[in-house]
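Colleague: I am new to this one. Could you show me the structure and then walk me through it?

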Amino acid sequence: MEEGYVIRDQKLPHFITLTVVDWIDVFSRKIYRDEVIASLDYCIKNKAMVLYGYVIMSNHIHMVVQSSDGKLSDLIRDFKKFTAKTILSKIQSEPESRMEWMLERFRLATESHSRNKVFQFWQYGNHPEEIYTNPFMWSKLDYIHLNPVRAGLVEKASHYLYSSASNYVNDIGLVCIEKADNPIVDVKNVNNVQRYDLY
């Protein structure tokens with residue numbers, strides 16, 4: 001089945017969103033967020049992933065990502081497949097009060113598709129948007145980094161551990177990202193000043 005959005009230029013960076021089936025709040029637990037971080041780290045070191053920014057929210061992940069070997073679709077597919085497998089394994093092997101309910105939701109999701117036989121963890125598709133300019137890159141990075149602020153989780157984006165905002169502000173983070181070029185900021189524009197107050 002053809003997705004509504006496809007990655008046409010496999011070499012360019014893209015903004016993508018990975019969403020858990022039924023918007024289940026899997027990532028409200030640290031153990032599952034840490035699995036995503038480990039997978040990102042592995043892909044950066046071993047699978048030609050270039051990660052410009054990310055955020056892990058309770059039921060979805062946003063990323064600006066590129067493949068240095070020009071195989072972005074394959075990279076995203078493999079990332080989704082591996083994280084689904086490892087997180088489903090953790091759900092079944094670690095203490096998890098929601099285990100039966102979550103597994104039933106993941107099982108029911110397979111009924112409308114033939115691709116997954118037992119469980120479907122991620123929704124199909126990832127709504128890729130090609131990043132074609134530096135201002136567009138930064139509009140997506142700001143959107144990503146300010147997600148936890150908008151959700152009321154933190155006051156400043158760089159205080160949220162599971163995002164790349166601290167990489168940009170403090171040069172430290174859970175994974176090693178490729179920093180996008182900083183745009184020239186018009187400090188006379190009050191919107192720009194307010195934006196940086198949130199970082």
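Predicted model: local features only at pLDDT ≥ 70, side-chain atom pairs only at ≥ 80, totals over all residues.

Colleague: Is Lys45 buried or exposed?
Modeller: The cut-off for exposed is over 50%. Lys45 has a relative accessible area of 61%, so Lys45 is exposed.

Colleague: Which residue does the side chain of Lys45 meet in a salt bridge?
Modeller: A salt bridge here is a side-chain nitrogen of Lys or Arg within 4 Å of a carboxyl oxygen of Asp or Glu. With 3.0 Å from N to O, the residue is Asp41.

Colleague: How many salt bridges are there by this rule?
Modeller: One more of them joins Arg77 and Asp74, with closest N and O atoms 3.2 Å apart; these two lie three residues apart in helix α2 (residues 72-93). Another is formed by Arg107 and Glu111, at 3.3 Å. Shared partners also join Lys47, Asp74, Arg77 and Asp78 into one network. The count comes to 13.

Colleague: Which residues of α1 are buried?
Modeller: These residues pack against β2 (49-56), β3 (60-67) and α2, where a contact means heavy atoms within 4.5 Å. The buried residues of α1 are Tyr32, Arg33, Glu35, Val36, Ile37, Ser39, Leu40 and Cys43.

Colleague: What distance separates the end C-alpha atoms of α1?
Modeller: The expected span of a helix is 1.5 Å times one less than its number of residues. α1 has 17 residues, so it should span 24 Å. The distance in the model agrees with that: 24 Å.

Colleague: At roughly what angle do the axes of α2 and α3 cross?
Modeller: Axes are lines fitted to C-alpha atoms, for helices over the stretch in contact, and angles run from 0 to 180 degrees between N-to-C directions. The axes of α2 and helix α3 (residues 99-108) come within 9 Å. They cross at roughly 145°.

Colleague: Which residues of α3 meet α2?
Modeller: On the α2 side, the residues are Leu88, Ile91 and Gln92. On the α3 side, they are Met99, Met102, Leu103 and Phe106.

Colleague: What share of the protein's residues is buried?
Modeller: The protein has six helices and four strands, running β-α-β-β-α-α-β-α-α-α from the N terminus on. Among its contacts with a separation of 6 or more, 69% are between residues 24 or more positions apart. Of the 199 residues, the buried share is 46%.

Notes. Residues numbered from 1 in each chain as written. Heavy atoms only, no water. Buried < 20%, exposed > 50% of the residue type's maximum accessible area, 1.4 Å probe, protein only.
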